[in-house]
Amino acid sequence: MAFPYLSLFILALGGKPEQIGMVASLGPLLGLVVFPLGGYLADHVGRVKLVGVMMIVAAAIELLYVFAPTWQWLLLGSLLMGVGSMQFPASSALIADSALPKDRSRAIAIMNTVSSLPAMAAPWVAGLVVDGVGVDPGVRYLYGFMALANTISGVIALRWLRETKPPTENGFRLIMLPKLLRETYGGLPRLFGAMSGTVRAMLAVAILGFAVNAIAGPFWVVYAVERLGLSATEWGSILLLETAVRNVALMPAGVLGDRLGRSRCMIASMVMVGAALPLFIAVQGYWGVLLVRLMIGVANALFVPSSIALLADSVPRAIRGRMIAAIGQGGVMMGSSAGGTGGPALGYLVTLPLMASSLAAGYIYSAGPALPWLVSLGLVAAALGLTLGWLRD
């Protein structure tokens, strides 16, 4: 509910497009520490406890957005939100552990569909709130609700999720953190050596996909509202319909990933995103924007289950937590406009390129409002070339 309107909130608190990029750039910074730590804890301490506790921690951090007096407070909030991302290696490993390889694309698609159904109306309801009471305090209310939802999610995780990998005898103490970080980054040559060509290509595709989201993602709503004249409610209804179409397409897309091949679905998805990006700056009005977003919704339904399944197919279970901590879950919703990074989850090897892209995004938009989508088109073309050349089922 809150993420799609964060850029408008930054502007309402006195920020400029450059500050939108600054706030977004700090989000992944702590990932350089928490992703290696999260990967270790996922493999040695247990997945479930990490997921539940980090959801509750994220809820506490979201209160900074609720009470922020100026946009500078959002810099701190964005930085600290990286702590909550420690859960992603564990949750990604849980998902991968819990599905049989032959049905993995379909299983991931079903899970995403069912879990997304209650949230379909969220952007539209949020748009009503923003239009009804104003960007400020409307976005504050939305972040408060999100903190409550994360708290409930954390309790559910701790109470009902079941561990898929028993904890090892090697627990974790804070004094171990420096040694863990040295081993993590010092062991990068060994990690790359353990990667197949497909996994390396997926890492490069993930970096390019997250860069697309960093450069254009925060400005979809700004362009739609300021340049195309849409209201927050209209933008929210577009996101609602996009989510509905994506959810309807997810399960057939999961079946296609299992039957026709993961890489073929990823190729088709990138072609659709590549067509939609330049179309956005050419269309006018509500219906044109809706067409673009529906194309991207279908494209992401094709991409996410297949890419997550392909990575899970390619990484042994014993090192899955650490590998996912490094390169992410494999899925990225290219062209995401709902805020955040367009996960499902990124890894620490993606962090610095993502931060650099986010920091540049505000300056790119200020140089020309159409430029973020043209730059993103070039990045998608590069990702498509890598997929055609290197990805193998």
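Author: Happy to! This is a predicted model. Let's begin with a pair of helices: the axes of α4 (residues 47–67) and α6 (residues 87–97) come within 8 Å and cross at roughly 135 degrees.

Reader: Is α4 oblique or roughly antiparallel to α6, then?

Author: Oblique, because only angles over 145 degrees count as roughly antiparallel, and that crossing is at roughly 135 degrees. So α4 is oblique to α6. The crossing of α4 past α6 is left-handed.

Reader: Nice. Which residues in α4 and α6 meet there?

Author: On the α4 side you have Arg47, Val48, Leu50, Val51, Met54 and Met55. From α6 come Gln87, Ala90, Ser91, Ala93, Leu94 and Asp97. By type, the residues of this α4 and α6 contact are eight nonpolar, two polar and two charged.

Reader: Got it. Let's look at another pair: how do the axes of α2 and α18 cross?

Author: Helix α2 (residues 17–26) and helix α18 (residues 348–367) have axes that come within 7 Å and cross at roughly 170 degrees. The two helices are therefore roughly antiparallel to each other.

Reader: And which residues of α2 and α18 make the contact?

Author: α2 brings Pro17, Glu18, Gly21, Met22, Ala24 and Ser25. α18 brings Met355, Ser358, Leu359, Gly362, Tyr363, Tyr365 and Ser366. Seven residues of the contact of α2 with α18 are nonpolar, five are polar and one is charged.

Reader: Let me zoom out. How many helices and strands does the protein chain have?

Author: The secondary structure comes to 19 helices and zero strands.

Reader: What share of the residues count as buried?

Author: 55% of the 393 residues do. As for contacts between residues at least 6 apart in sequence, 83% join residues at least 24 apart.

Reader: One last stop, Ala268. Where is it found?

Author: Ala268 is in helix α15 (residues 262–280). With a relative accessible area of 33%, Ala268 is partly exposed.

Reader: How far apart are Ala268 and Leu302 in sequence and in space?

Author: They are 34 residues apart in sequence, and 7.6 Å apart in space, C-alpha to C-alpha.

Note on methods: Residues are numbered from 1 along each chain as its sequence is written. This is a predicted model: local features need pLDDT of at least 70, side-chain atom pairs count only at pLDDT 80 or more; totals for chains, interfaces and linings use all residues. Side-chain values use heavy atoms; hydrogens and water are left out. Axes are lines fitted to C-alpha atoms, for helices over the stretch in contact, and angles run from 0 to 180 degrees between N-to-C directions. Helices (H or I, at least four residues) and strands (E, at least two) are DSSP runs, numbered from the N terminus. Angles under 35 degrees count as roughly parallel, over 145 as roughly antiparallel, 65 to 115 as roughly perpendicular and the rest as oblique. A crossing is left-handed if the near helix is turned anticlockwise from the far one by less than a right angle, and right-handed if clockwise. Contact means heavy atoms within 4.5 Å. Ala, Val, Leu, Ile, Met, Phe, Trp, Tyr, Cys and Pro count as nonpolar, Asp, Glu, Lys and Arg as charged, and the others, Gly among them, as polar. Buried means under 20% relative accessible area, exposed over 50%, partly exposed in between (1.4 Å probe, protein chains only).
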